[in-house]
Amino acid sequence: MDTLRKDVLNIYNEKSKIKTPNLDAFSERALVFDNHFIGSTPCMPARRDLMTGRLNFLERSWGPIEPFDETFPKVLQNAKIFTHLTTDHCHYFRQGGEDYINQFTTWDLHRGQEGDPWVSKIKDPEWMPQDFYGRLRKQYQKNRTKWYEDEEKYPTPRTFKSACEWIEDNKDEDNFFLQVEVFDPHEPFDVPSKYMKMYDPEYNGPYFETPIYGESDVPTRAEKYIRNRYSALVTMTDTHFGRLIDKLKELNMFDDTLIIVTSDHGYLLGERGLFGKNYMHNFNELAAIPLMVHDPEGRCENERTEKVSQNVDVMPTILDYFGLEIPADVRGESWYPIFKKQGKKYRKRYALYGAHGITVNVTDGHYTYFRAPNKKNKPLYEYAGIPTTIRH
C-alpha cells in the first residue's frame, strides 16, 4: 500500500483513531516488525529497491529498471515460478518507470489514479472546483467521472477485486508469486463521502485533496481536514484488503501462503509544519513504515521483533523462502531466518536510507543520524544505463 504511515495503525500506535480492523486482525496472524524502514524515496526508487535488493538512491534518482539489474520476479521466473502484478500505480507507465512491469510473467493495470492520462476529454468536468487549497489535477478530476461516489469503481477497490479473481482462477496452483500493489492511501486523498462522514462530517471549507509539498500553507482547520481525508482513505483501503484476506481464507489458501504487507514510504500531513515528502529530512513519519509477515507454517504468529529491516531486504527474503540463490550484487539481508528461530543468522544491524542528492540517514532502530547535502553537492552523477527520470 503506497504511502501507508506506520503510526496510523493501531498495532503500532494504540492512540491512533483510524479504523483498520482488517490490518489489525492480520497482525494477529503475523510477525510485526517494529523497526522496518524505507530505502530510497520516493515511489519508483523505492520499487527498484524492492525488486533488486539494492539501494537505488546511492546510484541514481527516479528511474527505470536498468539493463544490468537482477530482479526477484525474473529470478523466480527462471526457476519456473509464475509471477503476476496487479496494480493501479500509474507511475509504472510514465517516462522514468520503464521495464518494471516487464519483470513479471503477466501484469494488470487499473487506470485512473493521480495524473494518469486516461479519460480523454478536452472540456473540464462540470464539477471542477473553483475554490480549493493545494493542488488540483484537472486530469484526475476527468478520471473521477468514471467512478464518482461508486466505491467499487475506484482504482484501489478494482485492484483488490482483480487480485481476488486471480487467486480464484489459480487456486489449484502452488508455485507462484502475486504482487498486489495499490496506490492508496497516496494523494489525491479521494474517497466516497461515506468514509469522510466517519472522520469529518462537518467540514465546509474549500475543496482540498492534494497538499502542495513544503511548508504548510493552509489554515489549521484545513490541515485537520486533510488528515481526516487521509484517515478515510486508509480505512477504505483496509476494507478492500480485508476482502482479499477473506478470499484467501475462503479458498483455504491463507494458512499455507507467505503474505507480506508493507509500504514504500510515509507522508507529512502538517506535522512539523510540513506537507508531503522528499523536500525535507526523512523524519519517522516518512521513513518508519509498517511490515507484517504471515508465515505459512504459522511461526511467529502474533509476535513482534525489534530487529532492524528495510525494503531492500524483501527481495532476498522472497528468494530465500523459495530456496533460490540470492544474486551476489544484492545488498539486502533475508530476514527469513527469524521465522526459523535462527535469528542469530540475521546479521543486519542498521538501515541506510535517503533520496538521491538530497538526504542520507542511518539508523540502528533507536537513534538516527540525519545527513543533509552541503551547498557544493555538485556535479551530481547518476549511474545509469537508461538516462530517463520522472516525466522526462
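1. Ground rules. This is a predicted model, where local features need pLDDT of at least 70 and side-chain atom pairs count only at pLDDT 80 or more, while totals for chains, interfaces and linings use all residues. Residues are numbered from 1 along each chain as its sequence is written, and side-chain values use heavy atoms, with hydrogens and water left out.

2. Helix H2. Helices here are DSSP runs of H or I with at least four residues, strands are E runs of at least two, and both are numbered from the N terminus.

3. Around H2. Just after H2 comes Gly53, with a positive phi of about 70°.

4. Helix H5. The length checks out: at 1.5 Å a residue, the 15 residues of H5 (155-169) should span 21 Å, and the end C-alpha atoms are 21 Å apart, which agrees. (The expected span is 1.5 Å times one less than the number of residues.) Buried positions in H5 include Pro155, Phe160, Cys164 and Trp166. The buried residues pack against strands E2 (82-87), E3 (106-109) and E4 (176-181), plus helix H7 (220-250).

5. H5 with H7. These two pack at an angle of about 5°, with their axes 9 Å apart. That makes H5 roughly parallel to H7, a label used for angles under 35 degrees. (Axes are lines fitted to C-alpha atoms, for helices over the stretch in contact, and angles run from 0 to 180 degrees between N-to-C directions.) Among the residues making the contact are Phe160 and Ile167 of H5 and Phe241 and Leu244 of H7; contact means heavy atoms within 4.5 Å. The contact residues divide into nine nonpolar, three polar and four charged.

6. The sheet. Three strands form an open sheet in the order E3-E2-E4, with parallel pairing. (Two strands pair if DSSP finds at least two bridges between them.) E3 and E4 are the edge strands, each pairing on one side only. Neighbouring strands are turned by 10° against each other on average, direction ignored.

7. E2 and E3 pair in the parallel sense over four bridges. Leu85 stands opposite Trp107 in E3.

Notes: Buried < 20%, exposed > 50% of the residue type's maximum accessible area, 1.4 Å probe, protein only. Parallel < 35°, antiparallel > 145°, perpendicular 65-115°, else oblique. Nonpolar A, V, L, I, M, F, W, Y, C, P; charged D, E, K, R; others polar.
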